[in-house]
Number of protein chains: 2
Amino acid sequence: MKQKKYILQDSELPRQWYNIQADMPNKPMPILDPKTKKELTKEDLYPLFAKECANQEFDREHAWIDIPEEVMEQYAVYRSTPLVRAYGLEKALDTPAHIYFKNESVSPLGSHKLNSALAQAFYCKKEGVTNVTTETGAGQWGCALSYAANVFGLDAAVYMVKVSYAQKPYRKSIMNVFDGTVTPSPSMSTRAGKNILTVNPNYSGTLGTAISEAIELAMTTPNCKYALGSVMNHVCMHQTIIGLEAEKQLEMAGEYPDIVVACFGGGSNFAGLSFPFIRHKILGKKDTRIIAAEPFACPKLTSGTFEYDFADEAGYTPLLPMYTLGHDFQPQNIHAGGLRYHGAGVIVSQLLKDSYIEATDIKQLDAFKAGVLFARSEGFIPAPESCHAIAATIDEALKCKEAGESKTILFNLSGHGLVDMAAYESYFSGDMVNVQ
Amino acid sequence: MKQKKYILQDSELPRQWYNIQADMPNKPMPILDPKTKKELTKEDLYPLFAKECANQEFDREHAWIDIPEEVMEQYAVYRSTPLVRAYGLEKALDTPAHIYFKNESVSPLGSHKLNSALAQAFYCKKEGVTNVTTETGAGQWGCALSYAANVFGLDAAVYMVKVSYAQKPYRKSIMNVFDGTVTPSPSMSTRAGKNILTVNPNYSGTLGTAISEAIELAMTTPNCKYALGSVMNHVCMHQTIIGLEAEKQLEMAGEYPDIVVACFGGGSNFAGLSFPFIRHKILGKKDTRIIAAEPFACPKLTSGTFEYDFADEAGYTPLLPMYTLGHDFQPQNIHAGGLRYHGAGVIVSQLLKDSYIEATDIKQLDAFKAGVLFARSEGFIPAPESCHAIAATIDEALKCKEAGESKTILFNLSGHGLVDMAAYESYFSGDMVNVQ
């Protein structure tokens with residue numbers, strides 16, 4: 001029997017996250033106060049985030065950060081996730097490529113999001129915070145923060161993008177199981193929400209709006225901190241557990257990737273898988289193509305511009321130097337709610353600018369076609385977001401076929417689609433369309 | 001860091017199933033032709049089932065059956081499943097008991113059902129069959145057979161109990177992803193369905209009715225075989241991979257269970273986890289309490305009678321010697337659709353008669369209360385069926401607390417509840433009631 005997957009025992013789990021900022025030749029540009037245009041420091045973020053997260057956000061010194069023991073104990077509930085050789089997909093494509101995927105879908109909530117939620121909730125608890133709040137698109141991050149808040153005894157309040165709230169009612173129930181409070185966004189509970197609803201009562205919401213609402217709640221509630229599920233440097237760093245495990249597991253398989261692929265919303269699963277491999281690229285040891293697969297409906301990396309922009313729609317956040325479609329960009333309602341974000345994280349943006357990574361955009365129908373092929377050949381039904389990574393992987397595997405090259409391709413199955421079956425239903429019924 | 005879970009590498013997976021019939025001191029009583037009351041042989045089942053499955057059904061000679069290489073390759077997609085030490089639940093209960101659970105929820109479809117579906121579909125393919133059909137309650141088995149049929153290139157037709165079809169629409173979509181055809185049961189596509197709908201057009205269906213429909217389709221369609229997800233001896237045997245892995249994994253942890261618990265519908269996950277441990281009991285080597293947790297709404301083990309009865313509602317099947325509530329018993333619409341079956345498998349029934357196992361019944365509200373406690377302390381949201389096993393486990397763990405005994409309890413997390421969130425919604429809303 002050929003070995004199908006590679007798993008680390010609890011004792012073999014990586015004990016540190018990788019902080020790519022320490023190794024980047026061109027450091028990320030500063031983030032700015034929107035009014036004064038003055039460079040912000042970690043102290044400026046203390047009111048909003050856990051201090052330790054703010055410190056990590058600005059840390060350009062330490063390439064390796066110890067994972068707290070309490071977080072390791074929680075990681076061990078589901079980590080390591082398996083690294084799987086996609087023999088079935090290779091066969092279906094008749095490609096000489098070696099395709100591997102990191103299966104983050106086996107986590108309790110079916111996605112990679114817990115990796116950072118657990119870290120952020122832990123730091124909040126340690127610093128005496130009692131309440132956390134956040135926004136969520138497809139619902140994965142809101143579920144993850146509710147779960148993590150419950151683990152560490154915090155109260156969680158989640159603003160969920162209204163279109164996803166309607167499309168994915170079960171995600172709301174999942175948050176309730178973990179005692180999270182869920183509000184569809186835009187809502188009347190914040191000034192930011194009210195302002196939008198006054199102009200457009202039927203507005204279906206975006207991540208940007210929901211971020212505005214959560215930040216407003218955090219700034220106006222005592223002992224409440226905000227937690228972000230993507231974009232930020234510290235979030236990307238917590239996710240590097242994915243790539244660090246994958247590196248060890250590929251070593252068990254005697255492989256090193258020629259190509260690394262992940263879907264791209266704000267950047268968290270992409271950063272998590274790819275940063276450890278970009279490290280070797282920066283250090284000049286290995287040359288790997290790193291591909292971000294973004295939706296055609298929200299193409300900030302392939303069609304956006306690199307400039308200072310707000311991270312949220314209402315303009316509450318600092319100005320970030322990033323690839324963006326404009327903070328008021330309103331993506332169409334594709335099913336991959338987690339990819340409907342106007343900008344890219346600061347680090348990823350700098351890495352794209354410096355050509356360490358590349359990007360490709362995937363149309364919705366192509367994403368689901370790839371997802372169904374994957375499910376039928378590998379068994380796991382991918383989340384709509386992950387379908388984008390699969391489509392890009394298939395493109396590369398087919399190029400290998402044409403060229404007769406047996407490259408090693410690694411992609412991230414960031415989550416399963418069992419709670420997104422309405423999207424598949426739409427695909428099969430023929431209702432689904434590509435964005436024009 | 002304490003070791004949280006135990007995982008076998010692909011190369012360490014068990015390569016044989018355990019056939020408890022070979023070791024049982026009192027063999028199961030014969031199954032009978034309902035008309036002639038004559039004892040049936042394996043040849044009598046050849047028209048309905050794959051030959052190899054029929055052979056296994058009657059095999060009282062070989063305690064160990066080799067798992068075909070093609071099935072092993074498919075098992076390796078998700079097996080071994082983790083054996084997890086439930087430190088969080090132990091802490092929440094403040095019990096000295098050591099609680100372990102076998103996490104079958106990490107399979108691609110979120111339940112244990114693939115273990116037998118893959119075997120049955122493989123044997124069908126090997127024997128030149130082109131079509132398979134079955135019934136499904138909560139949908140887990142129908143998804144599993146659709147998945148397995150797709151793997152081995154067969155067409156699958158699934159009759160899904162109507163009430164579950166309505167409660168769990170996403171399971172239908174999952175079957176579609178794997179190219180399965182799904183029909184709500186009772187349907188007008190069979191004589192069995194028509195007969196029932198004529199008398200009661202609003203009948204919400206049961207597993208028994210759906211079985212009748214699938215059997216009728218198999219018997220009237222060329223080159224089509226029927227596959228059952230539970231009850232039958234060969235199905236129970238395929239599931240023993242669960243317990244055989246658990247035995248190895250507990251050995252890694254330096255433990256042997258004092259108590260083994262699984263929920264009980266037709267018996268497949270119960271048999272799968274417990275038979276390898278009953279083996280040591282039969283052989284006089286170990287004494288372990290084996291507890292089947294059935295729903296209060298469908299209590300065949302605790303309140304049924306041991307007698308010859310049909311396996312289906314319409315009376316198409318042979319007569320089986322089993323604990324039963326009567327083949328026309330209509331359980332109330334509890335959310336644990338997979339447990340709404342009137343009878344128990346032949347082997348399990350004999351084992352209960354011979355006192356190798358015991359049973360307990362769990363009320364619906366108690367099951368969900370236990371499920372929420374488990375989710376909040378261990379992360380994974382259990383399927384409504386699995387909640388019953390958790391409730392029974394908690395009962396035993398609390399008895400350990402009272403008695404100050406640190407017994408080792410092993411239970412089966414047979415599936416996750418991410419596709420059953422409507423049930424949790426009903427629980428949280430206060431709409432859910434216990435059966436009167």
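How many of the nine residues of helix α8 (residues 169–177) of chain B are buried? The answer is in point 2; the points below concern a predicted model.

1. Relation of the copies. Chain B is superposed on chain A by a rotation of 180° with 0.0 Å of shift along its axis, and the RMSD is 0.0 Å. The two copies are thus related as by a two-fold rotation axis. In chain B, the residue that comes closest to this axis is Val106(B), whose C-alpha is at 2.7 Å. Of the interface residues of chain B, 100% are also interface residues in chain A, so the copies meet through the same surface.

2. Helix α8 of chain B. Eight of its nine residues are buried, so α8(B) is largely enclosed by the rest of the structure. The buried residues are Tyr170(B), Arg171(B), Lys172(B), Ser173(B), Ile174(B), Met175(B), Asn176(B) and Val177(B). Arg171(B) and Lys172(B) are thus on the buried list despite being charged, since Lys and Arg count as charged. After the helix comes Asp179(B), which has a positive phi, near 75°.

3. Packing of α13 and α15 in chain B. Two packed helices are described by the angle between their axes and the distance between the axes. For helix α13 (residues 268–282) and helix α15 (residues 346–353) of chain B, the angle is about 50° and the axes are 12 Å apart. That makes α13(B) oblique to α15(B). Their crossing is left-handed. On the α13(B) side the contact involves Phe270(B), Phe275(B) and Ile278(B), which meet Ile347(B), Val348(B) and Leu351(B) of α15(B). By class, the contact residues divide into six nonpolar, no polar and no charged.

4. Packing of α12 and α13 in chain A. Helix α12 (residues 241–252) and helix α13 (residues 268–282) of chain A cross at roughly 65°, and their axes come within 6 Å. This crossing is right-handed. From α12(A), the residues in contact are Ile242(A), Gly243(A), Leu244(A), Ala246(A), Glu247(A) and Leu250(A); from α13(A), they are Gly272(A), Leu273(A), Pro276(A), Phe277(A) and His280(A). The contact residues divide into seven nonpolar, three polar and one charged.

5. Pro28(B). This proline lies in the loop between β2 (16–18) and α1 (42–45) of chain B. Is Pro28(B) buried or exposed? At 3% relative accessibility it counts as buried, because the cut-off for buried is under 20%. Not counting residues up to four places away in sequence, Pro28(B) touches Gln21(B), Arg60(B), Val346(B), Ile347(B) and Gln350(B). One of these, Ile347(B), also takes part in the contact of α15(B) with α13(B). Between Pro28(B) and Tyr18(B) there are ten residues of separation in sequence and 16 Å in space, C-alpha to C-alpha.

6. Ser116(B). Its place is in helix α5 (residues 114–126) of chain B. Ser116(B) has a relative accessible area of 0% and is therefore buried. Which residues is Ser116(B) in contact with, leaving aside its neighbours within four places in sequence? They are Trp141(B), Val235(B), His238(B) and Gln239(B).

7. Cis peptide bonds. In chain A, the bond from Ser185(A) to Pro186(A) is cis, with omega near 5°. Pro186(A) is in the loop between β8 (181–185) and α9 (191–199) of chain A. In chain B, the bond from Ser185(B) to Pro186(B) is cis, with omega near 5°. Pro186(B) lies in the loop between β8 (181–185) and α9 (191–199) of chain B.

8. Positive phi in chain A. Asn223(A) is not a glycine, yet its phi is positive, about 60°. The residue is in the loop between α10 (207–220) and β9 (224–226) of chain A. At 41% relative accessibility, Asn223(A) counts as partly exposed. Val231(A), also not a glycine, has a positive phi of about 65°. Its loop runs between β9 and α11 (233–239) of chain A. Val231(A) is buried, with a relative accessible area of 6%.

How values were computed:
Residues are numbered from 1 along each chain as its sequence is written. Chains are lettered from A and ligands numbered from 1 in the order in which they are written. This is a predicted model: local features need pLDDT of at least 70, side-chain atom pairs count only at pLDDT 80 or more; totals for chains, interfaces and linings use all residues. Side-chain values use heavy atoms; hydrogens and water are left out. Copies are superposed by least squares on the C-alpha atoms of residues with pLDDT of at least 70 in both. Contact means heavy atoms within 4.5 Å. Axes are lines fitted to C-alpha atoms, for helices over the stretch in contact, and angles run from 0 to 180 degrees between N-to-C directions. Helices (H or I, at least four residues) and strands (E, at least two) are DSSP runs, numbered from the N terminus. Angles under 35 degrees count as roughly parallel, over 145 as roughly antiparallel, 65 to 115 as roughly perpendicular and the rest as oblique. A crossing is left-handed if the near helix is turned anticlockwise from the far one by less than a right angle, and right-handed if clockwise. Buried means under 20% relative accessible area, exposed over 50%, partly exposed in between (1.4 Å probe, protein chains only).
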